[in-house]
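This briefing goes through one structure by topic, for a reader who has the sequence and the coordinates at hand.

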Amino acid sequence: MLNQIGQIARAISDPDRSETFYEEVLGLRKLYRFGTLVFFDCAGVRLLLDKPEDGSAIVPQGAI
């Protein structure tokens, strides 16, 4: 049984650009950044943005 989601991860290609977008455009509160990992608060759910080193997890824009 699923009670609560604690963290969601999203693969990104540009940590700096993504950090700016999620913080300034979407207005999410940044928790912290460690290298290419960027963490935001989404109403109690942590959003983790990460740039995979090999790029294998990057999904093209518009894909679900």
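Arginine 33 stands opposite valine 38 in strand β3, in a model that is predicted. The strand that holds arginine 33 is β2, and five bridges join β2 to β3 (residues 37-42), the two running antiparallel. The points below begin with this pairing and then turn to the rest of the sheet, the salt bridges, the aromatic rings and a surface patch.

**Strand pairing and hairpins**

- Besides the position of arginine 33 opposite valine 38, tyrosine 32 has phenylalanine 39 in β3 as its bridge partner.
- Phenylalanine 39 also has a bridge partner in β4, namely leucine 48, and β3 is joined to β4 (residues 45-50) by five bridges in an antiparallel arrangement.
- The hairpin formed by β2 and β3 has two residues between the strands, and glycine 35, which lies in the turn, has a positive phi of about 65°.
- The hairpin of β3 and β4 likewise has two residues between its strands, and there alanine 43 takes a positive phi near 55°.
- For alanine 43 this positive value occurs in a residue other than glycine; the residue sits in the loop between β3 and β4.
- Alanine 43 has a relative accessible area of 80%, and because values over 50% count as exposed, alanine 43 is classed as exposed.

**The sheet as a whole**

- Four strands make up an open sheet, in the order β1-β4-β3-β2, and their pairing is mixed.
- From one strand to the next, the twist averages 20°.

**Salt bridges**

- The count of salt bridges comes to four, among them the pair of aspartate 16 and arginine 33, whose closest N and O atoms are 2.8 Å apart.
- This pair links distant parts of the chain, with aspartate 16 in helix α1 (residues 15-25) and arginine 33 in strand β2, 17 residues apart.
- Both of these residues are partly exposed, aspartate 16 at 48% relative accessibility and arginine 33 with a relative accessible area of 32%.
- Lysine 30 forms a salt bridge with glutamate 19, with the closest N and O atoms 2.4 Å apart; here too distant parts of the chain are linked, since lysine 30 belongs to strand β2 and glutamate 19 to helix α1, eleven residues apart.
- The two partners fall into separate accessibility classes, as lysine 30 is partly exposed at 30% relative accessibility, whereas glutamate 19 is buried, with a relative accessible area of 11%.
- Asp16, Glu19, Lys30 and Arg33 are linked in a network of salt bridges.
- A further salt bridge joins aspartate 41 to arginine 29, the closest N and O atoms being 3.8 Å apart; aspartate 41 lies in strand β3 and arginine 29 in strand β2, twelve residues apart, and this pair also links distant parts of the chain.
- Aspartate 41 counts as partly exposed at 23% relative accessibility, while arginine 29, with a relative accessible area of 52%, is exposed.

**Aromatic rings**

- A pair of aromatic rings is described by the distance of the centres and the angle of the planes.
- The count of aromatic pairs comes to three, including phenylalanine 21 with tyrosine 22, whose ring centres are 5.5 Å apart and whose planes meet at 90°, so this pair is edge-to-face.
- Phenylalanine 21 is partly exposed, with a relative accessible area of 37%, whereas tyrosine 22 counts as buried at 13% relative accessibility.
- Phe21 and Tyr22 belong with Phe40 to one aromatic cluster.

**Nonpolar surface patch**

- On the surface, Leu2, Ile5 and Ile8 form a nonpolar patch, and together these residues have about 290 Å² of accessible area.

Terms used:
Residues numbered from 1 in each chain as written. Predicted model: local features only at pLDDT ≥ 70, side-chain atom pairs only at ≥ 80, totals over all residues. Heavy atoms only, no water. Phe/Tyr/Trp six-rings, centres within 6.5 Å; stacked < 30°, edge-to-face > 60°. Buried < 20%, exposed > 50% of the residue type's maximum accessible area, 1.4 Å probe, protein only. Patch = residues over 30% accessible without salt bridge, like charges linked within 9 Å, V, L, I, M, F, W, Y side chains within 5 Å. Areas by Shrake-Rupley, 256 points an atom, 1.4 Å probe, with all protein chains shown as cover. Salt bridge = Lys/Arg side-chain N within 4 Å of Asp/Glu carboxyl O. Pairing = 2+ DSSP bridges. Axes fitted to C-alpha atoms, helices over the stretch in contact; angles between N-to-C directions.
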